[in-house]
Amino acid sequence: MSRVLLVSLLSVLTIFRLISASPDLSELYALRDQTRDAVVLLTDDVLTQYVMGRNRPYAVAIYFSAEQVSEGNPSLRLDDLRKEYGLAAKAFAKGSDSDKIFFFEAALETSQRPFAMMQVNSLPCVIRIPPGLHVSSSTVELGRNDKMVPDTVGTHNYPWPAETFVEFMGVRHGIKAAEIDRPSIYKSPIFPMLLLSGLVSLAYLAYKVYTLSLVQHPALWAVLSLVVFWFSVSGGMYNIIRGVPFFIRDRKGNLQFFLTGRQGQLGAEGFTLGTLYLLVSCSIAFITFLAPRISNRILRDTLSLIGTAVAAGSIYQTFMLWTMKTGYRHVLHV
């Protein structure tokens, strides 16, 4: 009888020790260092070992993702949100309080258990589990201040930048993070070489222009004149002064280069019309001045027909765009 009691007591003590034992931070550090952006994939084993339990001396941030939701609803921009989340995770990992918060990603394709435990039914969703909150196998109740969802953060600056994650996950709780290191070509080690190569090439080109007297060649000024004409009729200065976007994204996340009706005009519309004007002008100029100087009759007639077709097609496309914007249709009266 005493042996049975002793075995039972040892079993209870072992179970209690496993539940109350602190996670091995060295192993968690190793998992974080193996990732590309300090975000650990939350599998069932990782969830049990590093999130569940009482004696957890660090906070846990969990980003919930689902590939089927990301592909089915591009307007959520979950990929962009995930990048910002990774930038915030790297900032905390490099900060002085790197042992006070760890970042995880719960992918629906890998494990559905975190979704059920944290009662996550929609995306985007990022949660923060405080160190003192006990996480068991049942559902976990989190306060409003520990959930990053559109209702608590808003959608004015969405997808939420890394600075928002840093503020929500750490700063308001006294956890310090390092400066957010966004990737940029200016920070690349090869950027000085590219800059030096560009300056040398520009200097060499300027020298060649000066020595060969290209600035006096009529062809150069003709090309520059066409560029100025194209830029002016495209409304380039208006777009720059008013800050008109070149394109926008619709509700499905697709690129939209034209606005139908009288909603306004994008930069792509102006440059498209400018290109059509340029095609019409150059085609008519070619037919009028260059084609008659071609001695070969067959070649002259063929190029003239091509120039006429280009001019006619450009005029037709111009009227089609005008009809799309205004709703009016042209009627030819014979």
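Biologist: What does the secondary structure of the protein chain come to?

Modeller: The model is predicted. Its protein chain has 13 helices and seven strands. Of the 334 residues, 31% count as buried.

Biologist: What is the strand order in the open sheet of five strands?

Modeller: The order is β1-β3-β2-β4-β5, and the pairing is mixed. β1 and β3 are parallel over three bridges, and β2 and β3 run parallel with seven bridges. β4 and β5, in contrast, pair in the antiparallel sense over two bridges.

Biologist: How do you know that β4 and β5 pair?

Modeller: Two strands pair if there are at least two bridges between them. β4 and β5 have two bridges, so they meet that rule. Within the pair, Ile 127 stands opposite Lys 147 in β5.

Biologist: What makes β3 largely enclosed?

Modeller: Seven of the seven residues of β3 are buried, so the rest of the structure largely encloses this strand. Both faces are covered. Ile 101, Phe 103, Glu 105 and Ala 107 are buried on one side, and Phe 102, Phe 104 and Ala 106 on the other. Across from β3, Val 39 stands opposite Phe 103, and Phe 64 stands opposite Ala 106.

Biologist: Which residues have the most contacts inside the largest nonpolar core?

Modeller: That core has 54 residues, and those with the most contacts inside it are Ile 62, Phe 64, Phe 103, Phe 104, Met 118, Ile 129 and Met 169. The elements giving two or more residues to this core include β1, β2, β3 and α8. α5 gives the most, with eight residues.

Biologist: What is Phe 103 in contact with, leaving aside its neighbours within four places in sequence?

Modeller: Its contacts are Ala 38, Val 39, Val 40, Ala 61, Tyr 85, Ala 88, Ala 89, Phe 92 and Met 169. Phe 103 also belongs to an aromatic cluster with Tyr 63, Tyr 85, Phe 92, Tyr 158, Trp 160 and Phe 165.

Biologist: Why is the aromatic pair of Tyr 58 and Phe 102 called edge-to-face?

Modeller: There are twelve aromatic pairs by the rule used here. In this one, the centres are 4.9 Å apart and the planes lie at 70°. Tyr 58 is in the loop between α3 and β2, and Phe 102 is in strand β3, 44 residues apart.

Biologist: Why does Tyr 58 count as buried?

Modeller: Buried means under 20% relative accessible area, and Tyr 58 has 0%, so it counts as buried. Phe 102, at 1%, is buried because that value is under the cut-off too.

Biologist: Why is Cys 282 called partly exposed?

Modeller: Cys 282 is at 34%, so it is partly exposed. Cys 125, at 6%, is buried. A search of the whole structure finds zero disulfides.

Biologist: How do you know that the charged end of Arg 172 sits over the ring of Phe 168?

Modeller: The charged end is 4.4 Å from the centre of that ring, and the distance limit is 6 Å. The angle must also be within 35 degrees of the ring normal. Arg 172 is listed as sitting over the ring of Phe 168.

Methods
Residues are numbered from 1 along each chain as its sequence is written. This is a predicted model: local features need pLDDT of at least 70, side-chain atom pairs count only at pLDDT 80 or more; totals for chains, interfaces and linings use all residues. Side-chain values use heavy atoms; hydrogens and water are left out. A nonpolar core is a set of buried Ala, Val, Leu, Ile, Met, Phe, Trp, Tyr and Cys residues joined through side-chain atoms within 4.5 Å. Buried means under 20% relative accessible area, exposed over 50%, partly exposed in between (1.4 Å probe, protein chains only). Helices (H or I, at least four residues) and strands (E, at least two) are DSSP runs, numbered from the N terminus. Contact means heavy atoms within 4.5 Å. Rings of Phe, Tyr and Trp (its six-membered ring) pair if their centres lie within 6.5 Å; planes under 30 degrees apart count as stacked, over 60 as edge-to-face and the rest as tilted. A disulfide is a pair of cysteine sulfur atoms within 2.5 Å.
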